[in-house]
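Please view the structure below before reading the grouped points.

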2 protein chains.
Amino acid sequence: MDKKSPIKITLTERDESVTITQWVYQTLRNAVMYGEILPGRVLTIRELAGILDVSPMPVREALRQLAAENALEIQGNRRVMVPKMTAMKFNELCEARIAIESHAAARALPYIDNDRLEQLRSLDSLIDQAQEEDNLSQISILNQNFHRSLYTANPHQVTLPLIESLWLQLGPFMRMATSELEEHYLVDRHNEAMSAIERRDAYALQMAIAADIREGIAFAGTPEMLHTFIENSGH
Amino acid sequence: MDKKSPIKITLTERDESVTITQWVYQTLRNAVMYGEILPGRVLTIRELAGILDVSPMPVREALRQLAAENALEIQGNRRVMVPKMTAMKFNELCEARIAIESHAAARALPYIDNDRLEQLRSLDSLIDQAQEEDNLSQISILNQNFHRSLYTANPHQVTLPLIESLWLQLGPFMRMATSELEEHYLVDRHNEAMSAIERRDAYALQMAIAADIREGIAFAGTPEMLHTFIENSGH
DNA sequence: CTTTATTCTTTGTGATCACAAAAGCATGTA
DNA sequence: TACATGCTTTTGTGATCACAAAGAATAAAG
């Protein structure tokens, strides 16, 4: 029955107020994000429908949406798979993150009021706390929240969906990166960012965000780590 | 029957080799791109299915895909509409274009070989030609092709889908912009870009691309033009 | 043993239907 | 006039089915 790797997807309780399609979408999105599905794995509608115990219809819609967000790849022969990663593509994704996110940060800066600043401070200290506790997955989540909170300060925000698409494509590697974070995190870039925000220094903020991204993914960029990853991608 | 504006969508012959969903997707995408559907207009699956003379199913899928690409907006109450434009949002979209596209151009530069260079030159001269003939819609299309051809030189390209999403959101305004292009196009930025490419000067290329985008949309950014646009958006 | 041809199975696509939620609409009340 | 209330219609969601194309497996031929 299950030719390929059996696919173990973390299932969460479905909130009644949410449509089945939305639930399937979130479930699959998390599965991709957390690397639960190997790159290169071919996904079939009926198989996923069986695993998630829903009809094929919501799966169809969720897959199409994820494909549109570049989280999944539609092969010429109308088949869907998790895209494979390469060292070069990984590099491009990181550089794209830096370009877009530092831009988004600078564009958000004028809109940061006291409430937002307080929220960012709170997230910052939560990250420090999680870092002391070595709670790696928590760090990863809080870090994303920090970035998101920063960018969404801009009420005319248009880049966040693009940024989220990049996060989704980097997926498991963003987590991988944080797994060795402590050793290399010599400078707390978030504190730098906070200070730049308080001084209303757009350029310094961009530098801090760029450094934060670059340092957070530096190791994943090292040959060893990438190699293990690309190997899994290969087949 | 038709409560709102009747929706006049340009229909093209459907190629047999293409799925109905893909054809519907392209048709609706063009309709949004060319401003055939007013912003704020609520779209219903069945209405579109009737207009396009297909079953509701392909329309459902196409709508979801376009929504994922930020071409359409899903309101809280599971309804789909063409997003309204505001002056601020328009500005954000333009600035985002500049940030991402100049980045994409710089990243593509090392990969531009002679074939690509020749292709760009050819497009450049076609644009000059269309400009002499005042063929505005042709200019708009060729201009997009020029940008696309430049960015896709990079074989590890990851930003093009994001850029296309921005183009889609700017949609009709990119055309609007070109309608007064001739008067303001004092400097041919494409020639500047070509020259930068030949000199392998990444910084100059970025500046040329940024200027090209900024000048191409400058008038749309003027109060008058935006006002007429936002008025239509308003209701 | 390898390669080609044929059958059988799997899978995406698209159509149709049932249902519940949302929207529209008319009527009634302050 | 403005706002609430009950009814009707519209609409998105999700399930099921038929079908053609793609894949996999088996058989036949070199």
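In the classes used here, Ala, Val, Leu, Ile, Met, Phe, Trp, Tyr, Cys and Pro count as nonpolar, Asp, Glu, Lys and Arg as charged, and the others, Gly among them, as polar. On that basis, the surface near DNA strand C comprises six nonpolar, five polar and five charged residues. The model is predicted.

**Surface near DNA strand C**

- DNA strand C is surrounded by 16 residues, and the closest are R46(A), I20(B), T21(B), S55(B) and N77(B).
- Sugar or phosphate accounts for 59% of the atoms of DNA strand C within 4 Å of the protein, and bases account for the rest.
- In chain A, an N or O atom in the side chain of R46(A) is 2.8 Å from a base nitrogen of DNA strand C.
- R60(A) likewise places a polar side-chain atom 3.0 Å from a base nitrogen of DNA strand C.
- In chain B, a polar backbone atom of I20(B) is 2.4 Å from a phosphate oxygen of DNA strand C.

**Extent of the interface between chain B and chain A**

- Chain B and chain A each bring 29 residues to their contact.
- About 2800 Å² is buried between chain B and chain A, with 61% of this area given by carbon and sulfur atoms.
- R64(B), E92(B) and V158(B) provide 23% of the area that chain B buries against chain A, more than any other three residues.

**Polar interactions and composition**

- Eight salt bridges are found across the interface of chain B and chain A.
- R64(A) forms a salt bridge with E61(B), with the closest N and O atoms 2.7 Å apart.
- Between chain B and chain A, 12 residue pairs are in polar contact.
- On the side of chain B that touches chain A, the elements giving two or more residues are α3 (56-68), α4 (87-108) and α7 (160-170) of chain B.
- α4(B) gives the largest share of that side, 11 residues.
- That side of chain B has 12 nonpolar, nine polar and eight charged residues.

Conventions: Residues numbered from 1 in each chain as written. Chains lettered and ligands numbered in written order. Predicted model: local features only at pLDDT ≥ 70, side-chain atom pairs only at ≥ 80, totals over all residues. Heavy atoms only, no water. Contact = heavy atoms within 4.5 Å. Buried area = accessible area lost by both parts, 1.4 Å probe. Salt bridge = Lys/Arg side-chain N within 4 Å of Asp/Glu carboxyl O. Polar contact = N/O pair within 3.5 Å; in protein donor to acceptor, adjacent residues only side chain to side chain. Helix = DSSP H or I, 4+ residues; strand = E, 2+ residues; numbered from the N terminus. Near = heavy atom within 4 Å.
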